[in-house]
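Please look over the structure below before reading the numbered points.

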Amino acid sequence: MAEPLLVTSGLSRGFGALKACDDVNLDIRAGEIHALIGPNGAGKSTFVKLVSGEIGPDTGSIHLLGKSVETLPMTARAGLGMARSFQVSALAPSMSGLEHVVLALLPHEGGVFHFLRPVARERELRDRAGEMLARVGMLDRAEIPVAGLSHGERRQLEIAIALALEPRVLLLDEPMAGMGPEGSARLAALLNELRGDMGILLIEHDMDTVFALADRISVM
C-alpha cells in the first residue's frame with residue numbers, strides 16, 4: 001500500500017483550560033475521501049487549522065508527502081501540495097470568480113510581476129482559470145463579482161480556487177453548509193470526481209453526504 005499523503009500523530013492544541021484538539025492521529029491517502037465527523041465543539045475545525053498551518057500545535061507532528069510541516073506556514077504547505085476551503089467564506093466581494101482563480105494560479109507563474117507579460121500569456125492564464133471554473137460548473141458565472149453569487153456558487157468557486165493550487169491533499173471544512181439539496185448534490189458529484197486526483201479530508205454535518213462519499217470515517 002502506498003504511503004499516506006498526510007499523517008498527523010498526537011496532534012494537540014489547547015486554548016487556556018480548553019483542550020480543543022487532543023492527541024489526534026489521522027492519515028489521508030491518495031484517491032480517497034476521509035470524513036471527519038463529530039458534534040459542534042469537538043475540535044474538527046481546530047484540527048483543520050492545525051493541519052493547514054493557520055495555527056500551530058502544542059504537541060504532535062504533521063507530515064505532508066513525507067515531510068515534517070508542523071512548523072511551516074500556510075504558504076509553504078500550499079507549495080507542497082495542500083489546499084483548503086474555509087468554514088466561513090473569505091472571498092473578495094468585488095472581484096469576479098475568474099479574477100480569484102487567476103490570482104490562485106499566479107504562484108505557479110512566478111508571482112504578481114508577471115502581470116507585465118505579453119497579452120497572449122495573460123490569455124493563457126485566463127483560459128486555465130476558465131478550465132477550473134468549468135470543472136466546478138461555474139464557467140457561465142466567471143465574470144460575475146462574488147457579491148452577486150449565491151452561497152452555493154461561492155462554495156463551488158472556493159473549490160475552483162483550491163484546484164488552481166494543484167493540490168495533492170484537499171481540506172474541506174463543511175463545504176455543504178447552507179446549500180440546498182440541488183447544490184449539495186452537485187458538489188457531492190464533483191467531490192466524487194476529484195477523489196481520483198488527490199486525497200480529501202471532508203468535515204461535514206450532512207450524514208447522507210458523508211456515508212455516500214467517504215471511504216473512511218473518523219469521529220471526534
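**Notes on the predicted model**

1. Ala 35 has Leu 202 of strand 8 opposite to it. The two strands concerned, strand 3 (residues 33–37) and strand 8 (residues 199–203), pair in the parallel sense through four bridges. Strands here are DSSP runs of E with at least two residues, helices are runs of H or I with at least four, and both are numbered from the N terminus. Two strands count as paired if DSSP finds at least two bridges between them.

2. This is a predicted model, in which local features need pLDDT of at least 70, side-chain atom pairs count only at pLDDT 80 or more, and totals for chains, interfaces and linings use all residues. Residues are numbered from 1 along each chain as its sequence is written, and side-chain values use heavy atoms, with hydrogens and water left out.

3. Another open sheet has four strands in the order 2-1-4-5, with antiparallel pairing. Its edges are strand 2 (18–28) and strand 5 (67–68); each has a single partner strand, so one side of each is left without a neighbour in the sheet. Strand 1 (residues 6–15) and strand 4 (residues 59–64) run antiparallel and are joined by five bridges. Val 7 stands opposite His 63 in strand 4.

4. How do helix 3 and helix 5 cross? The axes of helix 3 (residues 97–105) and helix 5 (residues 151–164) come within 8 Å and cross at roughly 25°. Axes are lines fitted to C-alpha atoms, for helices over the stretch in contact, and angles run from 0 to 180 degrees between N-to-C directions. That makes helix 3 roughly parallel to helix 5 (angles under 35 degrees count as such).

5. Helix 5 also packs with helix 6 (residues 181–194), at an angle of about 15° and with the axes 11 Å apart. Helix 5 is therefore roughly parallel to helix 6.

6. By class, the second largest pocket is lined by two nonpolar, seven polar and three charged residues. Nonpolar means Ala, Val, Leu, Ile, Met, Phe, Trp, Tyr, Cys and Pro; charged means Asp, Glu, Lys and Arg; the others, Gly among them, are polar.

Methods. Angles under 35 degrees count as roughly parallel, over 145 as roughly antiparallel, 65 to 115 as roughly perpendicular and the rest as oblique.
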